[in-house]
Amino acid sequence: MKAIQMRICSNQQVSDRYWHMKVDASELNADVQPGQFFQLRCGHDIHPLLRRPFSIYRINRMERTLEFLYLVKGAGTQRLTLMQAGEYVDVFGPLGTPFVLQDDWETILLLARGVGIATLAALAQDAAEKGVQAVAILSARSRNDLLAAETLQGFGAQVLHVTDEEQTSGVEQVRGLLDSLLQQNRIDAAFTCGSKRLSRLLQDVTRKHAIPAQIALEEHMGCAMGVCFACVCDVKEGDHLKTVRVCKEGPVFPLEKVVL
Amino acid sequence: MTELDLQVKIGSLTLANPVMPASGAFGEDMEAVIDFNLLGAVVPKSITKHPRKGNATPRVCETAAGMMNSIGIQSKGIHYYLEHVIPYYRRYQTPLISSISADSIEEFVEMTAIIAGTEGVAALELNISCPNLKGNGAAFGMDAQLTRELIREVRQVTDKPLIAKLTPNVTSIQEIALAAEEGGADGLNVANTILAMAIDVHTRKPRIGNILGGLSGPAVKPIIVRMIYQVHQVSSLPIIGCGGVMNGEDAIEMILAGASAVQIGTASFVQPTAMLDILEEIKQYMVQYGITDIQSLVGQVAVGKHNLEGC
């Protein structure tokens, strides 16, 4: 991990609430894996002050670029939208532990909501490169927010979507979708990001079906390098509860261990 | 070029330079981004006697030019500290200052005796901003008599330098600083975070899980500079300024107010190499103004007639 200035290739609005940034990562001498994240400075002033964590949306190893899909939520991300192609953004990373994708898996299930879809898109890319089929259920407020659907399809993923506006995103409706998918397919592993209620659902379903699952957690961060203990969550180690750091021990955890 | 003297003395401890981390904003993981041997001291996260879980999340939030935290001193306890943390820092030549947090005077004394007696510990920083569980829950550092008594008792069990980390959440920081000096402290840290609160107006909920938290960052720097200045007027002890130092000029400002050294916290979150950047900027300032000894700047703010009680 190191902090470097990366040249912005593009930074564009892609829907009402989402923006997409592509940066030149040729100065970064580190391999980047799906599930890892970067801390970006959203300006050069003291407000917004802290860096913001962004998961990786796409890793383009050949052209040595990285892409971030981000939700414009507060002062930091609003300031980030003002950055333009050709400018430099201060990027710290790669940080955290990546998803684990076993070579012998044939089909994986992805369940994501909101900006969590961006995190799983990088995994779908990695799966495609390894010849692993991905089936994705994407949940969002509206169809307009289902940005990564085409990207996922581009990686050969089968994509199903549910939205609040279509009233198809309720937990029990998603449970029904998951059940039918699991009946029709042999799913080797499942992955989730972006929603606690959907993560709880997947925890329940994968436990019943004895499928290994991983989750990428999101939490307010301070240092993002493990020293401040701001971003913690509880995990079960046997009968014991352990408080661990999302930035260091995570953000990817075995789903069955996380207390949601 | 004339050699710059950046040395700082705190009791019997000599630091190579005045830049060190603030406890709670530093740990072994930062080894990946900075060379610890270049720092004036290393100050790992405060240690408690027993393991502590820490507070509810969210534990941090950002406010205008600042951040609030309510970590709650998540700690692995003194045994882990003795077995892992102190031995880890022995590999560096930089002095290790152990920050101690305790619930009672007896516990401060007990922990000090153990930690100060451990090889590799150069000095102790007593975090007297933590609540006194035997009292009414107010921090030790909010009460001059308790502060004096705590440091006097701890002084009995070690000759190693003792730094009292004061809380800024008091009516008179001078009174507490003098009490710490009378108790036998070798240095004063001015200061811990400032008690604060932030509310999300959309959800109407507090923005951090513990409701109240400690404010740090650039927003607090003028308050801390004021406190350093006030403490320097009444105490002859070396002061470590802590609160909102983001660059070399901020560090120099604290030194002019009366600090001998500075601690860096929030700045390291914004820029992981901040401590070393700040050290370089201090050197640049010294060269710019022909200053060869950093200690010659301590308290050299150019004030005319002043009246601390005049406002």
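1. Let me start with helix H6 (residues 248-257) of chain B: 7 of its 10 residues are buried, so the helix is largely enclosed by the rest of the structure. Buried here means under 20% relative accessible area, exposed means over 50%, and partly exposed lies in between (1.4 Å probe, protein chains only). Helices (H or I, at least four residues) and strands (E, at least two) are DSSP runs, numbered from the N terminus.

2. A word on conventions before going on. This is a predicted model, in which local features need pLDDT of at least 70 and side-chain atom pairs count only at pLDDT 80 or more, while totals for chains, interfaces and linings use all residues. Residues are numbered from 1 along each chain as its sequence is written, chains are lettered from A and ligands numbered from 1 in the order in which they are written, and side-chain values use heavy atoms, with hydrogens and water left out.

3. Back to H6(B), and which residues are buried there? They are B:Gly248, B:Asp250, B:Ala251, B:Ile252, B:Met254, B:Ile255 and B:Ala257. Their cover includes H5, strand S14 (239-242), strand S15 (261-264) and helix H8 (274-288) of chain B; contact means heavy atoms within 4.5 Å.

4. H5 has another partner to look at. Helix H4 (residues 173-183) of chain B packs against helix H5 (residues 221-234) of chain B at an angle of about 50°, with the axes 9 Å apart. Because of that angle, H4(B) is oblique to H5(B). Axes are lines fitted to C-alpha atoms, for helices over the stretch in contact, and angles run from 0 to 180 degrees between N-to-C directions. Angles under 35 degrees count as roughly parallel, over 145 as roughly antiparallel, 65 to 115 as roughly perpendicular and the rest as oblique.

5. On the residues of that packing: H4(B) contributes B:Ile173, B:Gln174, B:Ala177, B:Leu178 and B:Glu181, and H5(B) contributes B:Met227, B:Gln230, B:Val231, B:Gln233 and B:Val234. By class, the contact holds 6 nonpolar, 3 polar and 1 charged. Ala, Val, Leu, Ile, Met, Phe, Trp, Tyr, Cys and Pro count as nonpolar, Asp, Glu, Lys and Arg as charged, and the others, Gly among them, as polar.

6. B:Phe36 sits in the loop between strand S3 (19-21) and strand S4 (60-63) of chain B. Is B:Phe36 buried or exposed? B:Phe36 is buried, at a relative accessible area of 1%. Apart from neighbours within four places in sequence, B:Phe36 touches B:Phe26, B:Gly27, B:Glu28, B:Met30, B:Glu31, B:Val42, B:Tyr88, B:Tyr89, B:Tyr92 and B:Thr94.

7. For your backbone checks in chain A, please look at the cis peptides. One joins A:His47 and A:Pro48, with omega about 0°, and A:Pro48 lies in the loop between strand S3 (37-40) and strand S4 (52-55) of chain A. Another runs from A:Gly93 to A:Pro94, with omega near -5°, and A:Pro94 belongs to strand S7 (residues 88-95) of chain A.

8. Positive phi also deserves a glance. A:Arg64 is not a glycine, yet has a positive phi of about 55°; A:Arg64 is in the loop between strand S5 (58-60) and strand S6 (65-71) of chain A and is partly exposed, with a relative accessible area of 39%. A:Gln167, also not a glycine, has a positive phi of about 55°. A:Gln167 lies in the loop between strand S10 (158-163) and helix H4 (171-184) of chain A, and counts as exposed at 64% relative accessibility.
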